[in-house]
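We will go from the whole chain to single residues, one stop at a time.

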Amino acid sequence: MDSNQIAFVEDDDDLRAANCQTLELAGFNVQPFPNAMLALRFLTPDFPGVVVTDVRMPHIDGLELFRRLREMDSDLPVILITGHGDIDMAVEAIHKGAYDFIAKPYPADRLVQSIMRALEKRRLVMENRELRLAVENTNESLPLIGQTPVMQNLRKTLRHVAGADVDVLIAGETGTGKEVVAGLLHEWSRRKQGNFVALNCGALPETVIESELFGHEAGAFTGAQKKRVGRIEHSSGGTLFLDEIESMPLSTQVKLLRVLESREITPLGTNEHRPVDLRVVAAAKVDLGSADQRVNFREDLFYRLNVVTVSIPPLRERRDDIMLLFTHFLHRASARFKTDVPEITAAQRSYLMQHDWPGNVRELVHFAERAALGLDGIETTKSDIESDGSSLPQAMERYEARLIQQALAANGGDVRSTIQALGIPRKTFYDKLQRHGIDRSDYVSGK
């Protein structure tokens, strides 16, 4: 979709031709219209560009065109071209949501700059809409959200492996979703009617983990007042998920290896052997195939578990999925906190795509929760105001606009509180809103 489109509405043939030529030379894709009726037939809510219209036109004037377009799509930027006598009306239109007004005569650069800012705002609006639609179309039973080839291949592999009923070793960094993958292997297998039993081997002391895994009889040891069914036996017919298996004590590894080979357990305090219909899905934060990283993990247990290995890519290796994931988690967090779903800002988008996400999806979930509460902590940094080929005044303009936007957001769009926070006069505040193309209504609480 061409996001550089301009709908230019002007009934004067010469003015329309001259302005369209100027905008085309500036790199815009211009669609000219001699009247508002033709423009209304062309424009739709998914129009990705900006509307520029003269105010004084026969039949349907620019203000009426703006009103109708706002009814169709309140986020569509409309720039009004006005004569001197129309300025009061144009200011009123600004208060009602028009993006900008430009008084005749005007330098071409004034129109081009306003359009560029409006297009950037429109781009963000359309991207947010596309992300919301993608989230709505996401199958909620499919937690591994992502459309990158690596994630499509991962889902395909999981479906294939799930039906094979073999033990699986999951490799992935912290926060990549290893338990989610284990859960899917269970749900997509013939074992889904059985129990999915999870145990974090790194969270239990050595004195407890064997009892948890293998169970015990009453009186098997001090404090064992009654019989306990272990996690392995409880998972019989289902799936046993052992997370952080690299943390399992060596003595327990020996016993687990025996269970994997015999498919039977002997609870503490008894000599009775009980058969189990066992499938183990194990996960590790380190590469167990590497002797250097395996350290205290038995090589024979590694090979016994490593019938099939599934690797989950870190978030930094599938950046094209980040926006979709963040939008999904943002909607989920907003529903949880009973808040309106906030629009994703340019600053957030930049952070999301540039951050390395060492905590992977888990870190992204927490960031989305903070964003839903307005506490994501994104502030203007040096990189935000560094010149990327632009002049110092241009860089400072961007910085000033960011400060105003942050003040508006912090004060819910309230003018009095915002100008007090910024320390500027009311007239200066409104002048800066116009110059930067900032719509105060975007920040009004409850909008």
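The tour below moves from the overall chain to its core, its sheet, its charged pairs and a few backbone spots.

**Before you click**

This is a predicted model, in which local features need pLDDT of at least 70 and side-chain atom pairs count only at pLDDT 80 or more, while totals for chains, interfaces and linings use all residues. Residues are numbered from 1 along each chain as its sequence is written, and side-chain values use heavy atoms, with hydrogens and water left out.

**Stop 1: the whole chain**

Show the protein chain as a cartoon and you will find 19 helices and twelve strands. Helices (H or I, at least four residues) and strands (E, at least two) are DSSP runs, numbered from the N terminus. Switch to a surface: the accessible surface is about 22,600 Å², and carbon and sulfur atoms hold 50% of that. Such areas come from the Shrake-Rupley method with a 1.4 Å probe, and for residues only the protein chains shown count as cover.

Of the 447 residues, 43% are buried. Here buried means under 20% relative accessible area, exposed means over 50%, and partly exposed is in between (1.4 Å probe, protein chains only). Among contacts with a separation of 6 or more, 69% join residues 24 or more positions apart; a contact means heavy atoms within 4.5 Å.

**Stop 2: the largest nonpolar core**

Now select Ile232, Leu242 and Ile245, the residues with the most contacts inside the largest nonpolar core, which has 27 residues. A nonpolar core is a set of buried Ala, Val, Leu, Ile, Met, Phe, Trp, Tyr and Cys residues joined through side-chain atoms within 4.5 Å. Next, colour the elements that give two or more residues to this core: β7 (196-200), α8 (206-214), β8 (239-243), α10 (250-262), β11 (280-284) and α12 (299-305). The largest share, four residues, comes from α10.

Which residues does Ile232 touch, not counting residues up to four places away in sequence? Display Leu213, Phe214, Leu240, Leu256, Val259, Ile265, Val276 and Leu278 to see them.

**Stop 3: the five-stranded sheet**

Select the strands in the order β7-β8-β11-β6-β12: they make an open sheet with parallel pairing. Two strands pair if DSSP finds at least two bridges between them. At the edges are β7 and β12 (308-311), each with a single partner strand, so one side of each has no neighbour in the sheet. Neighbouring strands are turned by 20 degrees against each other on average, direction ignored. That angle is taken between axes, which are lines fitted to C-alpha atoms (for helices over the stretch in contact), and angles run from 0 to 180 degrees between N-to-C directions.

Zoom in on β6 (residues 168-171), which runs parallel to β11 and is joined to it by four bridges. Click Ile170 there, and its bridge partner in β11 is Ala283.

**Stop 4: charged pairs**

The whole structure has 33 salt bridges, each a side-chain nitrogen of Lys or Arg within 4 Å of a carboxyl oxygen of Asp or Glu. Start with Arg122 and Asp73, whose side chains meet at 2.9 Å, N to O. Arg122 is in helix α5 (residues 108-136) and Asp73 is in the loop between α3 (62-72) and β4 (78-82), 49 residues apart. Arg122 is buried at 0% relative accessible area, and Asp73 is buried at 5%.

Then select Asp75 and Arg129, a salt bridge of 3.4 Å, N to O.

**Stop 5: backbone spots**

Most residues other than glycine have a negative phi, and most peptide bonds are trans. With that in mind, select Lys104 and Pro105, joined by a cis peptide bond with omega about -10 degrees. Pro105 is in the loop between β5 (100-103) and α5.

Move on to His59, a residue other than glycine with a positive phi near 65 degrees. His59 is in the loop between β3 (50-54) and α3, and is exposed at 86% relative accessibility.

End at Lys338, which has a positive phi of about 60 degrees. Lys338 lies in the loop between α13 (322-337) and α14 (346-354), and is exposed at 75%.
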